[in-house]
Amino acid sequence: MKKSLRSEFVHDGIKNLHYEIREIVDYGHALQKLGVEISWENIGDPVAAGEEVEPWIKEIVMNLMKEDATWAYCPSRGILKTREFLADIVSNRPNSVKVGPNDILFFNGIADAVDKIYDLIKKDDRVMMPSPSYPTHTSNEGKRGDYSYLQFKLDPVNNWQPDLEEIENMVKYNPQVVAISIVNPDNPTGAVYTRKTLDGIVDIARRYGIFIICDEIYAHICYNGAETLHLSQILGEVPGLALRGISKDVPWPGARCGWVEMLNSNSSTQFREYCDGLIKSKMMEVCSTTLPQLAIPEIYGDPRYMDLKERRAKMFERRSNQVYEYFKENVPGTIVRPTQGAFYFSVAFEDGVLNDKQTLPIKDSNIREFVEQSVRGVQLDKRFVHYMMASEGVCVTPLTGFHTDIQGFRLTTLDPDDDRRTRVLERIGNSIKRYIGA
Ligand SMILES: Cc1ncc(COP(=O)(O)O)c(C=O)c1O
């Protein structure tokens, strides 16, 4: 293609936009065209994976659709009644920071909020985050400048918890750090931060004058004894943003609806200015989606919601424990830990287990050639995933797609069919054993 425009105007940061969870889908589609049937274990959409939406939730939405107001724009910050409802929930949590409706700001999903949250921080200032990390956060951080990421390790051997000393040293020796960002419960590891770790992170933020971003989209999916601790309950006087949404817990990802709790928004002039910037940037877009905002008080306020939340948490607990037991008992060369939240499970490979000579049998020569081309120069975990997809037809996400050098992969526990899930596990386990020659 020729260069017919007069300048190289494209933003340098574009090269840092990566979303392996969906990028791997292109590879899967190419395999499908070559005749491979794929089981998709990569995308975190409970509805697409087959979970049925509760009839009473559908009814709430259908009744709202009958009102003309549902079809209108809503206020830029979000519908007042809904913001009041959510502000009350936050303020009534034990030990919580108190907020009012103007501290709640609606977005078209958390992904939209994340985009603006990082965008409004000066180019040379940095947000620290874990490794591995959810790519929407890392990509938005990466887009702002050509700096290397500042990431602290979530250690698979230590239940995917971070080391507070590493976090503190990173903050201390990098004065350009203005915030620490975490996902709790976490994607991709399924770990839930312990109270001690959270208190430690808040303490560091307090002592160094930085703020905290906490993506809590999975806050309603906690199990295996995990305490559901919200940022608002541990923050004290430290400023922070808690990111919430309905994509995973109603579940209604297609609603594109999420909101930010701006906590201690008046605790400093800088944080106030930043929160005002977030509000203004939403005004530039007029408003966020109206229908889901109208539905939120009716869904979360319905006594049936508590039952749904508990049922789903138990369901994901059972499935996750099944994955853990399977890998622990059957698959050498891997590190697994029981998860406590969300519907993901990360399997890490032990150091030195993978190399660039390993393969899996692929009968069809066209498919084999396609795979051999696709794995040239890629990370070792991605190489394994590409071979497994071609050989076994199972699509998972390589862990290095979550901006980490920990080799492994993430699968979801979303398939509602127990037998099919069990078979997929066996196909993954057998692929690993053959691939590493165990
Ligand atoms: C940690 C995390 N944050 C945000 C999102 C996206 O949320 P939303 O649908 O509200 O944009 C996801 C989706 O998988 C996620 O895993």
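Q: Two strands pair if DSSP finds at least two bridges between them. In what order do the seven strands form the open sheet?
A: The order is β2-β8-β7-β6-β5-β3-β4, with mixed pairing. Strands here are DSSP runs of E with at least two residues, helices are runs of H or I with at least four residues, and both are numbered from the N terminus. The model is predicted: local features need pLDDT of at least 70 and side-chain atom pairs pLDDT 80 or more, whereas totals for chains, interfaces and linings use all residues. Residues are numbered from 1 along each chain as its sequence is written, and side-chain values use heavy atoms, without hydrogens and water.

Q: What makes β2 and β4 the edge strands?
A: β2 (104-107) and β4 (151-153) each pair on one side only. From one strand to the next, the twist averages 20°.

Q: How do you know that β2 pairs with β8?
A: Four bridges join β2 to β8 (residues 258-263), and the rule for a pair asks for at least two; the two strands therefore pair. They run antiparallel, and the bridge partner of Leu105 in β8 is Val260.

Q: Which strands does α5 touch where it packs on the sheet?
A: Helix α5 touches β3 (126-131), β4, β5 (177-183), β6 (211-215) and β7 (240-245), contact meaning heavy atoms within 4.5 Å. Its direction makes about 145° with that of β3; such angles run from 0 to 180 degrees between N-to-C directions, with axes fitted as lines to C-alpha atoms, for helices over the stretch in contact. Helix α9 (residues 269-283) also packs on the sheet, touching β2, β6, β7 and β8, at about 35° to the direction of β2.

Q: Why is the pair of Lys143 and Asp115 called a salt bridge?
A: The term requires a side-chain nitrogen of Lys or Arg within 4 Å of a carboxyl oxygen of Asp or Glu. The closest N and O atoms of Lys143 and Asp115 are 3.1 Å apart, so the pair meets that limit.

Q: What separates Lys328 and Glu325 in helix α11?
A: Lys328 and Glu325 form a salt bridge with N and O atoms 3.9 Å apart. They are three residues apart in α11 (residues 303-330), which means a separation of about one helical turn. Elsewhere, salt bridges that share partners join Glu168, Asp203, Arg206, Arg207 and Glu237 into one network.

Q: How does Glu51 count, buried or exposed?
A: Buried means under 20% relative accessible area, exposed over 50%, and partly exposed in between, with a 1.4 Å probe and protein chains only. Glu51 has 15% relative accessibility and therefore counts as buried. By contrast, Asp115 at 28% and Arg206 at 38% are partly exposed.

Q: What is Glu51 in contact with, leaving aside its neighbours within four places in sequence?
A: The residues are Pro46, Pro251, Arg312, Met315, Phe316 and Pro416. Glu51 lies in the loop between β1 (39-40) and α2 (55-65), and its C-alpha atom is 8.7 Å from that of Pro251, 200 residues away along the chain.

Q: What makes strand β13 mostly covered?
A: Five of the five residues of β13 (residues 408-412) are buried. Gly408, Arg410 and Thr412 lie on one side, and Phe409 and Leu411 on the other. Five bridges join β10 (residues 344-349) to β13 in antiparallel fashion, with Phe345 partnered by Leu411. Two antiparallel bridges join β12 (residues 397-398) to β13, where Thr397 stands opposite Arg410.

Q: How many residues surround the ligand, and which are the closest?
A: There are 13 residues, the closest being Ile110, Asp215, Tyr218, Ser247 and Arg256; a residue is near a molecule or strand if one of its heavy atoms lies within 4 Å of it. A ligand nitrogen is 2.6 Å from a side-chain N or O atom of Asp215. Ligand oxygens are 2.6 Å from such an atom of Tyr218 and 2.7 Å from one of Arg256.

Methods
Polar contact = N/O pair within 3.5 Å; in protein donor to acceptor, adjacent residues only side chain to side chain.
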